[in-house]
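Good morning, and thank you for making time for this presentation. Please take a look at the sequence and the model before I go through them.

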Amino acid sequence: MLHHLPAILTNPPRRRLGHQALILNRDGAVLLIGTAYKSGLMLPGGSAEANELPHLAARRHTETETGLVLPLRHILATDYVDAQLLPEGINFVYWGGHLTPAQETIVARHRPPATITAVHWLHPHQLPDAMAPDQHRRTTQALTALTNGTHLPFLLRGTPAE
(Lines give C-alpha, C1' and ligand atoms only; values in the text may rest on other atoms or scores of the structure.)
Protein backbone atom coordinates (compact mmCIF):
# COMPACT_ATOMS: atom_id res chain seq x y z
CA MET A 1 0.00 0.00 0.00
CA LEU A 2 1.42 3.40 -0.97
CA HIS A 3 1.13 6.26 1.46
CA HIS A 4 0.54 9.82 0.36
CA LEU A 5 3.61 11.86 1.34
CA PRO A 6 3.21 15.38 2.74
CA ALA A 7 4.14 18.20 0.34
CA ILE A 8 7.10 19.18 2.56
CA LEU A 9 8.68 15.83 1.66
CA THR A 10 7.91 15.90 -2.05
CA ASN A 11 8.61 19.61 -2.57
CA PRO A 12 11.00 20.73 0.20
CA PRO A 13 12.06 24.38 0.58
CA ARG A 14 15.22 25.44 -1.24
CA ARG A 15 18.22 25.74 1.08
CA ARG A 16 21.92 26.27 0.61
CA LEU A 17 24.26 23.96 2.52
CA GLY A 18 27.74 25.31 3.21
CA HIS A 19 30.66 23.26 4.49
CA GLN A 20 33.74 24.97 5.93
CA ALA A 21 36.89 23.80 7.68
CA LEU A 22 38.48 25.34 10.77
CA ILE A 23 42.24 24.75 10.41
CA LEU A 24 44.93 25.99 12.80
CA ASN A 25 48.68 26.20 12.42
CA ARG A 26 51.19 25.36 15.17
CA ASP A 27 50.90 28.91 16.55
CA GLY A 28 47.10 28.77 16.83
CA ALA A 29 46.45 31.03 13.83
CA VAL A 30 43.35 30.33 11.73
CA LEU A 31 43.62 29.58 8.00
CA LEU A 32 41.40 32.00 6.06
CA ILE A 33 40.79 32.68 2.40
CA GLY A 34 39.65 35.71 0.45
CA THR A 35 37.42 35.31 -2.58
CA ALA A 36 36.57 37.36 -5.64
CA TYR A 37 32.85 37.11 -4.84
CA LYS A 38 32.62 38.05 -1.12
CA SER A 39 34.14 40.79 0.97
CA GLY A 40 36.21 39.84 3.99
CA LEU A 41 38.10 36.65 4.71
CA MET A 42 36.41 33.34 5.50
CA LEU A 43 37.14 29.75 6.39
CA PRO A 44 37.94 27.49 3.42
CA GLY A 45 34.92 25.63 2.10
CA GLY A 46 31.85 25.87 -0.06
CA SER A 47 28.62 24.24 -1.14
CA ALA A 48 28.02 20.57 -1.80
CA GLU A 49 27.04 19.34 -5.24
CA ALA A 50 23.92 17.20 -5.69
CA ASN A 51 24.39 13.82 -3.96
CA GLU A 52 27.88 14.80 -2.68
CA LEU A 53 28.51 13.74 0.88
CA PRO A 54 28.74 16.88 3.05
CA HIS A 55 32.13 16.20 4.65
CA LEU A 56 33.55 15.33 1.21
CA ALA A 57 32.27 18.67 -0.12
CA ALA A 58 34.18 20.42 2.67
CA ARG A 59 37.26 18.34 1.89
CA ARG A 60 37.02 19.03 -1.86
CA HIS A 61 36.72 22.79 -1.39
CA THR A 62 39.49 22.82 1.21
CA GLU A 63 41.81 20.93 -1.14
CA THR A 64 41.00 23.20 -4.09
CA GLU A 65 41.50 26.37 -2.06
CA THR A 66 44.49 25.38 0.10
CA GLY A 67 46.04 22.18 -1.29
CA LEU A 68 45.24 20.28 1.93
CA VAL A 69 43.41 16.94 2.03
CA LEU A 70 42.08 16.59 5.56
CA PRO A 71 39.77 14.11 7.30
CA LEU A 72 36.82 16.31 8.26
CA ARG A 73 34.82 14.08 10.60
CA HIS A 74 33.72 16.36 13.43
CA ILE A 75 31.42 19.36 13.35
CA LEU A 76 32.27 22.27 15.63
CA ALA A 77 29.41 24.59 14.70
CA THR A 78 26.19 24.71 12.70
CA ASP A 79 24.95 28.13 11.60
CA TYR A 80 21.54 28.95 10.12
CA VAL A 81 21.40 31.95 7.75
CA ASP A 82 18.00 33.38 6.81
CA ALA A 83 17.07 34.27 3.23
CA GLN A 84 18.37 37.62 2.06
CA LEU A 85 19.97 37.96 -1.37
CA LEU A 86 20.33 34.16 -1.46
CA PRO A 87 18.00 31.39 -0.26
CA GLU A 88 18.21 30.47 3.41
CA GLY A 89 21.21 28.36 4.30
CA ILE A 90 22.84 26.15 6.87
CA ASN A 91 26.60 26.20 7.30
CA PHE A 92 28.59 23.44 8.97
CA VAL A 93 32.08 24.07 10.35
CA TYR A 94 34.25 20.94 10.47
CA TRP A 95 37.42 20.54 12.52
CA GLY A 96 40.39 20.34 10.16
CA GLY A 97 43.06 20.00 12.83
CA HIS A 98 46.38 21.56 13.77
CA LEU A 99 48.72 21.40 10.80
CA THR A 100 52.17 19.88 10.77
CA PRO A 101 55.09 21.88 9.33
CA ALA A 102 54.83 19.80 6.13
CA GLN A 103 51.14 20.66 5.77
CA GLU A 104 51.87 24.36 6.32
CA THR A 105 54.38 24.12 3.45
CA ILE A 106 51.65 22.65 1.21
CA VAL A 107 49.46 25.69 1.91
CA ALA A 108 52.34 28.10 1.23
CA ARG A 109 53.17 26.46 -2.13
CA HIS A 110 49.62 25.83 -3.33
CA ARG A 111 48.28 27.88 -6.23
CA PRO A 112 44.50 28.19 -5.77
CA PRO A 113 42.05 28.99 -8.58
CA ALA A 114 41.57 32.61 -9.65
CA THR A 115 38.42 32.95 -7.50
CA ILE A 116 40.63 32.70 -4.40
CA THR A 117 42.29 36.08 -4.00
CA ALA A 118 44.16 35.53 -0.72
CA VAL A 119 45.24 32.90 1.79
CA HIS A 120 46.10 34.17 5.27
CA TRP A 121 46.91 32.91 8.75
CA LEU A 122 45.36 35.16 11.38
CA HIS A 123 45.29 34.86 15.15
CA PRO A 124 41.84 34.91 16.80
CA HIS A 125 42.25 38.51 18.03
CA GLN A 126 42.75 39.63 14.38
CA LEU A 127 39.56 38.02 13.06
CA PRO A 128 37.03 40.82 13.79
CA ASP A 129 38.84 43.26 11.50
CA ALA A 130 39.35 40.75 8.67
CA MET A 131 36.04 38.89 8.47
CA ALA A 132 32.43 39.81 7.76
CA PRO A 133 30.49 39.84 11.06
CA ASP A 134 28.55 36.62 10.35
CA GLN A 135 31.71 34.78 9.29
CA HIS A 136 33.51 36.06 12.39
CA ARG A 137 30.71 34.96 14.74
CA ARG A 138 30.58 31.50 13.15
CA THR A 139 34.36 31.10 13.40
CA THR A 140 34.40 32.32 17.01
CA GLN A 141 31.71 29.81 17.97
CA ALA A 142 33.70 27.02 16.30
CA LEU A 143 36.87 28.09 18.15
CA THR A 144 34.94 28.14 21.43
CA ALA A 145 33.60 24.63 20.79
CA LEU A 146 37.13 23.47 20.03
CA THR A 147 38.49 25.05 23.22
CA ASN A 148 35.70 23.47 25.27
CA GLY A 149 36.19 20.07 23.65
CA THR A 150 32.63 20.02 22.33
CA HIS A 151 32.04 18.68 18.86
CA LEU A 152 29.65 16.38 17.06
CA PRO A 153 30.74 13.41 15.00
CA PHE A 154 29.63 13.61 11.39
CA LEU A 155 27.51 10.51 10.76
CA LEU A 156 26.48 8.75 7.57
CA ARG A 157 23.26 6.83 8.25
CA GLY A 158 24.23 6.57 11.91
CA THR A 159 27.87 5.51 11.40
CA PRO A 160 30.88 7.83 11.87
CA ALA A 161 32.21 9.06 8.51
CA GLU A 162 35.48 7.69 7.21
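Let me begin with a definition: a residue is called buried under 20% relative accessible area, exposed over 50%, and partly exposed in between, with a 1.4 Å probe and protein chains only. This is a predicted model, in which local features need pLDDT of at least 70 and side-chain atom pairs count only at pLDDT 80 or more, while totals for chains, interfaces and linings use all residues. Residues are numbered from 1 along each chain as its sequence is written, and side-chain values use heavy atoms, with hydrogens and water left out.

I start with threonine 66. This residue is in helix H2, which spans residues 54–66; helices here are DSSP runs of H or I with at least four residues, strands are runs of E with at least two, and both are numbered from the N terminus. Is threonine 66 buried or exposed? Its relative accessible area is 1%, so threonine 66 is buried. Its side chain reaches the backbone oxygen of threonine 62 at 2.6 Å. Apart from neighbours within four places in sequence, threonine 66 is in contact (heavy atoms within 4.5 Å) with Leu31, Pro44, Ile106, Val107 and His110.

I turn now to the nonpolar cores. By this I mean a set of buried Ala, Val, Leu, Ile, Met, Phe, Trp, Tyr and Cys residues joined through side-chain atoms within 4.5 Å. The largest such core has 16 residues, and Leu22, Val30, Leu32 and Leu127 have the most contacts inside it. At least two of its residues come from each of strands S1 (16–24), S2 (30–35) and S4 (74–81), and likewise from each of helices H4 (127–130) and H5 (133–148). H5 gives the largest share, three residues. A second, separate core holds 14 residues, among them Ala58, Phe92, Val107 and Phe154.

As for leucine 22, its contacts beyond four places in sequence include Val30, Leu43, Leu76, Trp95, Ala142 and Leu146.

The next topic is charge pairing. In general, side chains of opposite charge can pair when their charged atoms come close. A salt bridge is a side-chain nitrogen of Lys or Arg within 4 Å of a carboxyl oxygen of Asp or Glu. How many salt bridges does the structure hold? There are four.

One of them joins arginine 26 to glutamate 104, with the closest N and O atoms 2.9 Å apart. Arginine 26 sits in the loop between S1 and S2 and glutamate 104 in helix H3 (residues 101–109), so the pair ties together parts that are 78 residues apart in sequence. Arginine 26 counts as exposed, at 56% relative accessibility, whereas glutamate 104, at 17%, counts as buried.

Glutamate 52 forms a salt bridge with arginine 60, at 2.7 Å between the closest N and O atoms. Arginine 60 is partly exposed, with a relative accessible area of 29%. Glu49, Glu52 and Arg60 are linked in a network of salt bridges.

Finally, aspartate 79 forms a salt bridge with arginine 138, the closest N and O atoms being 2.8 Å apart. Aspartate 79 belongs to strand S4 and arginine 138 to helix H5, so this pair ties together parts that are 59 residues apart in sequence. Arginine 138 is buried, with a relative accessible area of 4%. Aspartate 79 also has Gly89, Ile90, Asn91 and Asp134 among its contacts beyond four places in sequence.

Definitions and conventions:
A polar contact is a pair of N or O atoms within 3.5 Å; within protein, one must be able to donate a hydrogen and the other to accept it, and residues adjacent in sequence count only if both atoms are side-chain atoms.
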